[in-house]
Number of protein chains: 2
Amino acid sequence: MADPAPVDLASLRRSCGHCSLRQLCLPAGIGAEDLARLDSLVRRRRPLKRDERLFHIGDASSSVYVARNGAFKTVSLSEGGDERVIGFHLPGELIGLDALVGGDHRCEAVALDGSDVCEVPFDELTDVAAQLPGLQRQLMRVIGQSILLDQEHVEMLSRRHANERIALFLHGLAERLQHIGQSPRQFRLAMSREDIASYLGLAIETVSRGFTRLQDDGVIAVAGRQVEVLDPAELARLAHGGEPQQPQPEQRRRA
Amino acid sequence: MADPAPVDLASLRRSCGHCSLRQLCLPAGIGAEDLARLDSLVRRRRPLKRDERLFHIGDASSSVYVARNGAFKTVSLSEGGDERVIGFHLPGELIGLDALVGGDHRCEAVALDGSDVCEVPFDELTDVAAQLPGLQRQLMRVIGQSILLDQEHVEMLSRRHANERIALFLHGLAERLQHIGQSPRQFRLAMSREDIASYLGLAIETVSRGFTRLQDDGVIAVAGRQVEVLDPAELARLAHGGEPQQPQPEQRRRA
DNA sequence: CGCGTCATTGAGGCTGCTCAAGCTATGTGG
DNA sequence: CCACATAGCTTGAGCAGCCTCAATGACGCG
């Protein structure tokens, strides 16, 4: 699938000022001087391949990360050694805030696709932010956004019915995709059904059946990881706790 | 009921330096000068009674709050107008970080007991923190702790079995109580069964049955809201996904 | 082309939700 | 001081939604 927003390769290599994600990382109030200071902090990491770890549990590096492209999942490992997905991260969304407390990561960040990542040492960031009020406020906003994503996850897991969780997941994902300039109607899931199931606290089969059900009801068209939202309003209604309605017996819609 | 930790009333009225929660709010690295600056920011609110709101959804005040005593719950209101408990806050734990993004609160904070609360305007706090590196780092630590609490909530909700969620809830609560200097073995729940059920995504009856089950198994003794942990090790084991008593051949997958 | 991974679909059992009835503690008025 | 009322918690019975187990189908890769 072609990238809808081709990026200037030269600018990819350097400078937050030219980064395609600038509006995401630094929405407003960042002057030229601030940018230069910020640039000096940011480290580019070598591109990660699929399934590679950005960091592991216990890693001491107290940095935060932002993916420029590709997607990540963060997973926590429970006693049995089995992974539990606690978050998905699209380009421009912060990764690694969990190390903010003890300085060591409580979860692992796994690339779901090939990815280019920026790393920002947190201590240096806060030091510089302390001298640049604009950056300071922006930092707080980004942290707040991260907190909000956590709360949306809680919101999902609080739903009693599997279909509500799934609808809310798709709805939220579409919103986030739109926010980074991609189509909220047609997209390819970067994560497996197993990842989704873990994230939603469901069995993988239940997720599969939920997708099928949404398709039968004419809300989405799904083929593997390719998803098309046919009825955004209905999807939003389901996500917010509405009962599935069938005034139009329009089952059996296929792509 | 007698307060187990009597507090000097004079110090309650003023000064973070003399606050009984100082070690919680400001664990380390805060000098005398920093304290004075911080003090100047903190506003004391009139004491809240049970069921009173600290703030409502949509409130514009961009402040964070810390309870000195008493406990709070934060709830989000879904479409139907029914509350959903998204967090419990013990003395010393931050409340109101959700307003960090848009400047308006996404949830309500409700007092579970009579409470004295400190309010800190967030913009002023970050401004002062920018000039005091010690305070800046401490602020990040406290925010990180708040994020960790959210992730523990996710951890609870991810558990498939009701009894695991309940054990994890009690275990986590005991840890937090110990952290603020109260007994992790004997305590009184500030929240109702309904609050717990909402927080854990369960029916109220399931919570009640879960408590009874833990009591029958000799793990806790429970009478209404009074709880005594009889077997902390077993509670921890259950909280971490252990089966009650079934010796089961564990599959260990090694890398 | 065969293999492995991932996704879908089916059948059956069990956990947890719903509905409903007691129980206990606290408070209120006679 | 006791009868009553109310709210919160516990307990029981029955049903349904989800998980488990199992088999098949679809795809990508060597």
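Of the atoms of DNA strand D that come within 4 Å of the protein, 61% belong to sugar or phosphate, and the rest belong to bases. The model is a predicted one, in which local features need pLDDT of at least 70 and side-chain atom pairs count only at pLDDT 80 or more, whereas totals for chains, interfaces and linings use all residues. Residues are numbered from 1 along each chain as its sequence is written, chains are lettered from A and ligands numbered from 1 in the order in which they are written, and side-chain values use heavy atoms, with hydrogens and water left out.

Around DNA strand D there are 16 residues, of which A:Ala162, A:Thr206, B:Arg193, B:Ser208 and B:Thr212 come nearest; a residue is taken as near a strand if one of its heavy atoms lies within 4 Å of it. A base is approached from chain A, where a polar side-chain atom of A:Glu205 lies 2.9 Å from a base nitrogen of DNA strand D. Polar contacts are pairs of N or O atoms within 3.5 Å; within protein, one atom must be able to donate a hydrogen and the other to accept it, and residues adjacent in sequence count only if both atoms are side-chain atoms. H8 of chain A and H8 of chain B each supply at least two residues of the surface near DNA strand D, and the largest share, four residues, comes from H8(B). Helices (H or I, at least four residues) and strands (E, at least two) are DSSP runs numbered from the N terminus. By class, the surface near DNA strand D divides into three nonpolar, six polar and seven charged residues, where Ala, Val, Leu, Ile, Met, Phe, Trp, Tyr, Cys and Pro count as nonpolar, Asp, Glu, Lys and Arg as charged, and the others, Gly among them, as polar.

Sugar and phosphate account for 60% of the atoms of DNA strand C that come within 4 Å of the protein. Chain B contributes a backbone approach, in which a polar backbone atom of B:Ala203 is 3.3 Å from a phosphate oxygen of DNA strand C. Bases of DNA strand C are approached by B:Glu205, with a polar side-chain atom 2.9 Å from a base nitrogen, and by B:Arg209, with an N or O atom of its side chain 3.3 Å from a base oxygen. The elements that give two or more residues to this surface are helix H8 (204-216) of chain A and helix H8 (204-216) of chain B, with the largest share, four residues, coming from H8(A).

Between the protein chains, 38 residues of chain B are in contact (heavy atoms within 4.5 Å) with 37 residues of chain A. The buried area, defined as the accessible area (1.4 Å probe) that two parts lose on being put together, summed over both, is about 3,700 Å² for chain B and chain A, and carbon and sulfur atoms give 58% of this value. Two salt bridges are found across the interface of chain B and chain A, a salt bridge being a side-chain nitrogen of Lys or Arg within 4 Å of a carboxyl oxygen of Asp or Glu. One joins the side chains of A:Arg84 and B:Glu155 (3.8 Å, N to O), and another joins those of B:Arg84 and A:Glu155 (3.8 Å, N to O). B:Arg84 lies in strand E5 of chain B and A:Glu155 in helix H5 (residues 133-158) of chain A, so this pair joins two chains.

Within chain A, A:Glu83 forms a salt bridge with A:Arg53, the closest N and O atoms being 2.9 Å apart. A:Glu83 lies in strand E5 (residues 83-89) and A:Arg53 in strand E2 (residues 53-55), so the pair ties together parts that are 30 residues apart in sequence.
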